[in-house]
Amino acid sequence: TYDRQVVKMDQARVRAANQALIAASRSLPPPSPVALPVGSRRSLQVTTPGYTDRYLRHMNSLAYTEVVNGASSALLKNDATYTVRAGLAGSGCYSFESVNFPGQYLRHQASRVRNSPDDGSALMRADATWCARTGLTGGGVSLESSNFRGSYLRHHNAEVWLSNGAGGAAYNAPGLWTADSTWNVAAPWAP
């Protein structure tokens, strides 16, 4: 015979440990600002290993990631290209205007990232303003919400969300959060 020891997990203790790690990471100095080329077209490339052939694109007003390459349709290439603008809410940050839907900007709403027309409201302008920071992985760029500091543009299961990696909803899970929240600001698919 052999003795088998069963280790019981206390979910509250595990959650507390995870929250402590997240809190400790928040006490680190904020990532440095990164300058983006205002007025230029760019595409946002995923940097998560195994998914680097995917780019942020909009479809039916929602933001997703999808494989984009030279053989992709013109529509997909346009959907995956944005014009970098000065932040609609100011503050030295940026907004991303859709190339094929001028006047629509990448913004978060109820944590989901989407294209929305600029209705002139302060909320829309704040939701559509992203502060470019040194990538959370140490390379690339992470785009922090101007009105929800500590929350970043993140892809999860091909959808794009606003996430702080604190857990809860699947898109907010801490696993791969830094990689999923880091992007390459790449040459535009629709020049």
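Glu 66 is partly exposed, at 29% relative accessibility, where partly exposed denotes the range between buried (under 20% relative accessible area) and exposed (over 50%), computed with a 1.4 Å probe on protein chains only. The side chain of Glu 66 meets that of Arg 57 in a salt bridge, with N to O at 2.5 Å; a salt bridge is a side-chain nitrogen of Lys or Arg within 4 Å of a carboxyl oxygen of Asp or Glu. Arg 57, in contrast, is buried, with a relative accessible area of 5%. The model is predicted, so that local features need pLDDT of at least 70 and side-chain atom pairs count only at pLDDT 80 or more, while totals for chains, interfaces and linings use all residues. Residues are numbered from 1 along each chain as its sequence is written, and side-chain values use heavy atoms, with hydrogens and water left out.

Eight salt bridges were found in a search of the whole structure. One of them links Arg 125 to Asp 118, whose closest N and O atoms are 2.9 Å apart. Arg 125 is partly exposed at 28% relative accessible area, and Asp 118 is likewise partly exposed at 26%. Another salt bridge joins Arg 133 and Glu 144, again with closest N and O atoms 2.9 Å apart. Because Arg 133 belongs to strand β8 (residues 130–134) and Glu 144 to strand β9 (residues 141–145), this pair ties together parts that are 11 residues apart in sequence. Both Arg 133 and Glu 144 are buried. Through salt bridges that share partners, Arg 57, Glu 66 and Asp 79 are joined into one network.

The chain contains four helices and 12 strands, assigned as DSSP runs (helices H or I, at least four residues; strands E, at least two) and numbered from the N terminus. Of the 191 residues in the chain, 42% are buried. The C-alpha trace spans about 70 × 40 × 30 Å along its principal axes.

Strand β5 (residues 94–98) is largely enclosed by the rest of the structure, because five of its five residues are buried. In a regular strand the side chains alternate between the two faces of the sheet. Both faces of β5 are covered, with Tyr 94, Phe 96 and Ser 98 buried on one side and Ser 95 and Glu 97 buried on the other. Strand β4 (residues 82–86) runs antiparallel to β5 and is joined to it by five bridges; strands pair if DSSP finds at least two bridges between them. Tyr 82 has Ser 98 of β5 as its bridge partner.

The second largest pocket holds about 210 Å³ of space. A pocket is an open set of points on a 1 Å grid over the protein atoms alone, where a 1.4 Å probe fits, with protein on both sides within 12 Å along at least five of seven lines; lining residues have an atom within 4 Å of a point. Of its 14 lining residues, Tyr 51, His 155, His 156, Asn 157 and Asp 180 are the closest to the centre of the second largest pocket. Strand β10 (residues 152–156) provides the largest share of this lining, three residues.

Ser 181 is located in the loop between α4 (177–180) and β12 (183–186). This residue is buried, with a relative accessible area of 0%.

Conventions:
Points joined across faces, edges and corners; volume = space filled by probe spheres on them.
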